[in-house]
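Please look over the sequence and the model that are shown here.

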Amino acid sequence: MKLTGKAKIAGVMGWPISHTRSPRLHGYWLDKYRIDGAYVPFAVPPERIEQAIHALPALGLRGANVTVPYKETAARAVDRLDEAARRTGAVNCIVVDNDGSLEGRNTDAYGFVTHLTTSARNWRADGGPAVVIGAGGAARAIVFGLIEAGVPEIRLVNRTRDRSEVLAEAIGGPITVIDWVSRETSLDDANLLVNTTTLGMAGQPALTLDLERLPELATVADIVYTPLLTPLLAAAKARGNTIVDGLGMLLHQARPAFATWFGIDPEVDEDLRRFVMAE
Ligand code: ATR
């Protein structure tokens, strides 16, 4: 990569940041489209995150992604929010506008729904209820995305019920809060099941959930992508459900950000998936 003085620069802020695959992902596209630009990981400690966000225009950066644990802080630090960021209370993408002001966007909701609709072709938003497991930051984006897509009912199941209630109140719409102990009965007639927790990730316990009551035509999605085939997805696949892995959400949330910062709408394809997953 050879950068000129006109290079377009963006990056990702998080703490820790060493595990993020975003530089690999954006770096692949920068090379593929021969763009004079760079995408840099920034390890920003908690006491400096606001300072770092406000430094973006002074440094001439096009913007930055924001990842764990700063998505809510970023929503408070920017000048404007798009609709998805306002409704979810979380920003994963900051764009520096021409006048130096900061716009906070949430492209996670778009990324999840785009991946779902492109990889589970038989899934339809109006096909029935969705069961969403978890009520953290990722769940907020997914619940918002599903409601925007037209899902008629969201059954929100979280270990800590209070968090589901806060989420349901903040986002609004057809959300029913379900107790953790009732997670299996909530699968009756469901058209979609989504795990938004870290359960099933390498080094974490699996999600304990018997899928017996889930219709065979339902689609099962996981946001975990290490491993790509989580215990939940393996169990769903074995009984014939359509499965959607977690990698596509990461790839698709990056597309609109890349297009805004670097001026080309990049392609999500199998080569990219392989490249991002390879160590
Ligand atoms: P993120 O912003 O990435 O979604 P988070 O806000 O820490 O991360 O949310 C993690 C989610 O995983 C939460 O829904 C959490 O449940 P609680 O709200 O009860 O903490 C869920 N989670 C994590 N470990 C869990 C476990 N062992 N059993 C059940 N749920 C778990």
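Predicted model: local features only at pLDDT ≥ 70, side-chain atom pairs only at ≥ 80, totals over all residues.

Residues are numbered from 1 along each chain as its sequence is written, and side-chain values use heavy atoms, with hydrogens and water left out.

Me: What is the radius of gyration of the protein?
Reply: The protein has 11 helices and 12 strands, where helices (H or I, at least four residues) and strands (E, at least two) are DSSP runs numbered from the N terminus. The radius of gyration, taken over C-alpha atoms, is compared with a globule rule of 2.2 Å times the number of residues to the power 0.38. The rule gives 19 Å for 279 residues, so the protein is as compact as a globular protein of that length, with a radius of gyration of 19 Å.

Me: Are Cys93, Ile94, Val95 and Val96 of β5 buried or exposed?
Reply: Buried means under 20% relative accessible area, exposed over 50%, and partly exposed in between (1.4 Å probe, protein chains only). Cys93 and Val95 point one way from strand β5 (residues 93-96), and Ile94 and Val96 point the other way; all are buried.

Me: Which residue in β6 is the bridge partner of Val95?
Reply: Two strands pair if DSSP finds at least two bridges between them. β5 and strand β6 (residues 102-105) pair in the antiparallel sense over four bridges, and they form a hairpin with five residues between them. In β6, the partner of Val95 is Glu103.

Me: Which element gives the largest share of the lining of the largest pocket?
Reply: A pocket is found on a 1 Å grid over the protein atoms alone, as an open set of points where a 1.4 Å probe fits, with protein on both sides within 12 Å along at least five of seven lines; lining residues have an atom within 4 Å of a point. The largest pocket has a volume of about 1600 Å³, a volume being the space filled by probe spheres set on the points. Of its 46 lining residues, those closest to the centre are Val68, Ala138, Thr198, Met201 and Ile223. The largest share of the lining, four residues, comes from α7.
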